Each structure stands twice: as C-alpha cells, then as structure tokens.
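Visitor: I have a model open and would like to learn how to read it. Please take me through it feature by feature.

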Amino acid sequence: MTRTATVERTTTETSVRVSVNLDGTGAAEIHTGVPFLDHMLELFAKHSVCDVAVNATGDTHIDDHHTVEDIGLCLGDALAKALGTKAGIERYGCFLLPMDEALAEVALDLSGRPFLVFNVAWEQEKIKNFDVTLIEEFWRAVATRAQMNLHICVRYGKDAHHVSEAIFKGVARALARAVAHDPRRAGIPSTKGTLTA
C-alpha cells in the first residue's frame, strides 16, 4: 500500500499544490516563487527520503508570508493524509544536525496532538530578501496540519542560512525515522489505539 497524498489549496492570496510519497527516494520538484524556500524544501525532500512536489503561486509582490504559510499548511495536510492510520510506524523521531557553526536539535511525535516549540535566536533578520521569522510560521503550519508535536531547538549558530539548513535537515531526518515502518508493530503505536485528533 503506497503512502502518498496530494493536497491543493486556493485562496485569493495563493494557489498551492503539494504531493508527497513517504516511501520515495528523496526526489524534489519544487516551485514556490520563494527561492530560499525552494532550496530548503529540496533539502527537506533529500534528507527525509520522501518524494516532495510543490507548485505554488502567491502574492509575493506584497511579501512571502502567505505563500510560505500556505505551503506549510498543504505539506502538513499531505503528510497527515499519506500517513493514514499510522499503523506500524515508529511514531517518534529525533535528530541532532550540525551545519558548520550551527547545531539544531529536533524531536517530533506523530501523536495526533499538534504543538510547536521553536527555540531559535536569530542573529540576522533576512537571508537575502527572505524574512527568517517565516521559518517558524512554516513549521507551525506543518505541525498543526500534520497533527505533529514538533520541537525545534537551535543550540547555537550565527549564520541564518546555516541555522535554517540545520532546521530543515534536522526535521527531515527526524521525520524519516518517525514514519519508518517497524516490523514488530502490527497496529497503532499507542496504548489509546489511535493517533488521530
């Protein structure tokens, strides 16, 4: 049974289509209209070993906020849909990701109870034209719609690009562990018998 999903969202501000394959090879086809986010999502696909396709247009002439957030919402929805009942998965994942001078610690639980802890102190406000505060908005949207408890803590790091890269790669690596099949688990990995909201 393939674990794939496609989600579309159209508003007066954005038009977004996201597809994921949890059992992919890390292939990425990313066109967001936000170059830095394209780069981060390509890294995310590669390190999660999920195939990810994103096509988006938005009101980036105003700023990148609506596009970034709506892509996060769609990615979260697609992850939740592809996971289905979550039977047989590891459920938890964590990773400590170094990127030059930056170190990001990520832990997540596909619990069905969305929550984001984002403990990051930015030393730069922008990466070229990209507002780094949108990274928290992106992961809040993903965590909410994927029904994921997601903790992101950057222990240290000065360069905002390196910090961002450590975050995206760290979440990807943690997610790869969480969605992996555990052959010892035939059912839902919870004493409640469900991992849905």
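Visitor: Through how many residues does a hairpin join β1 to β2?

Guide: The hairpin joins β1 to β2 through 3 residues. Before going on, note the ground rules. This is a predicted model, where local features need pLDDT of at least 70, side-chain atom pairs count only at pLDDT 80 or more, and totals for chains, interfaces and linings use all residues. Residues are numbered from 1 along each chain as its sequence is written, and side-chain values use heavy atoms, with hydrogens and water left out.

Visitor: What counts as a helix or a strand, and when do two strands pair?

Guide: Both are DSSP runs, numbered from the N terminus: helices are H or I with at least four residues, strands are E with at least two. Two strands pair if DSSP finds at least two bridges between them. Strands of a sheet pair through backbone hydrogen bonds, either parallel or antiparallel. Here β1 (residues 4-10) and β2 (residues 14-21) pair in the antiparallel sense over 7 bridges. A5 stands opposite V20 in β2. β2 also pairs with β4 in the antiparallel sense, over 8 bridges. There T14 stands opposite G58 in β4.

Visitor: What is the strand order in the open sheet of 4 strands?

Guide: The order is β5-β6-β10-β7, with mixed pairing. β5 (92-99) and β7 each have a single partner strand, so they stand at the edges and one side of each is left without a neighbour in the sheet. The twist averages 10° from one strand to the next. Angles run from 0 to 180 degrees between N-to-C directions, and axes are lines fitted to C-alpha atoms, for helices over the stretch in contact.

Visitor: Which strands does β10 pair with, and are they parallel or antiparallel?

Guide: Take β6 (residues 102-109): 7 bridges join it to β10, and the two run antiparallel. E105 stands opposite C153 in β10. Now β7 (residues 115-119): 5 bridges join it to β10, and this pair runs parallel. F115 has N149 as its bridge partner in β10. L116 has L150.

Visitor: Which helices pack on the sheet?

Guide: Contact means heavy atoms within 4.5 Å. α3 packs on the sheet, touching β7 and β10, and its direction makes about 160° with that of β7. α4 lies across β5, β6, β7 and β10, running at about 150° to β5.

Visitor: How do the axes of α3 and α4 cross?

Guide: They come within 11 Å and cross at roughly 10°. Angles under 35 degrees count as roughly parallel, over 145 as roughly antiparallel, 65 to 115 as roughly perpendicular and the rest as oblique. α3 and α4 are therefore roughly parallel to each other. In the contact, I135, F138 and W139 of α3 meet S164, I167, F168 and V171 of α4. These residues divide into 6 nonpolar, 1 polar and no charged. For the classes, Ala, Val, Leu, Ile, Met, Phe, Trp, Tyr, Cys and Pro count as nonpolar, Asp, Glu, Lys and Arg as charged, and the others, Gly among them, as polar.

Visitor: How is a helix's span checked, and which residues of α3 are buried?

Guide: The expected span is 1.5 Å times one less than the number of residues. α3 has 13 residues and reaches 18 Å from first C-alpha to last, close to the 18 Å expected. α2 (residues 65-83) has 19 residues and reaches 27 Å, close to the 27 Å expected. As for burial, buried means under 20% relative accessible area, exposed over 50%, and partly exposed in between (1.4 Å probe, protein chains only). The buried residues of α3 are L134, I135, F138, W139, A141, V142, A143 and A146. They pack against α1, α2, β7, β9 (130-131), β10 and α4.

Visitor: Where is phi positive in a residue other than glycine?

Guide: Phi of V49 is near 60°. V49 is found in the loop between α1 (35-48) and β4 (51-58). It is partly exposed, at 39% relative accessible area. Q147 has a positive phi of about 55°. Q147 is found in the loop between α3 (134-146) and β10 (149-156). At 24% relative accessibility, Q147 counts as partly exposed.

Visitor: Is R155 buried or partly exposed?

Guide: R155 is partly exposed, at 45% relative accessibility. R155 is found in β10. Leaving aside neighbours within four places in sequence, R155 is in contact with L96, L103 and E105.
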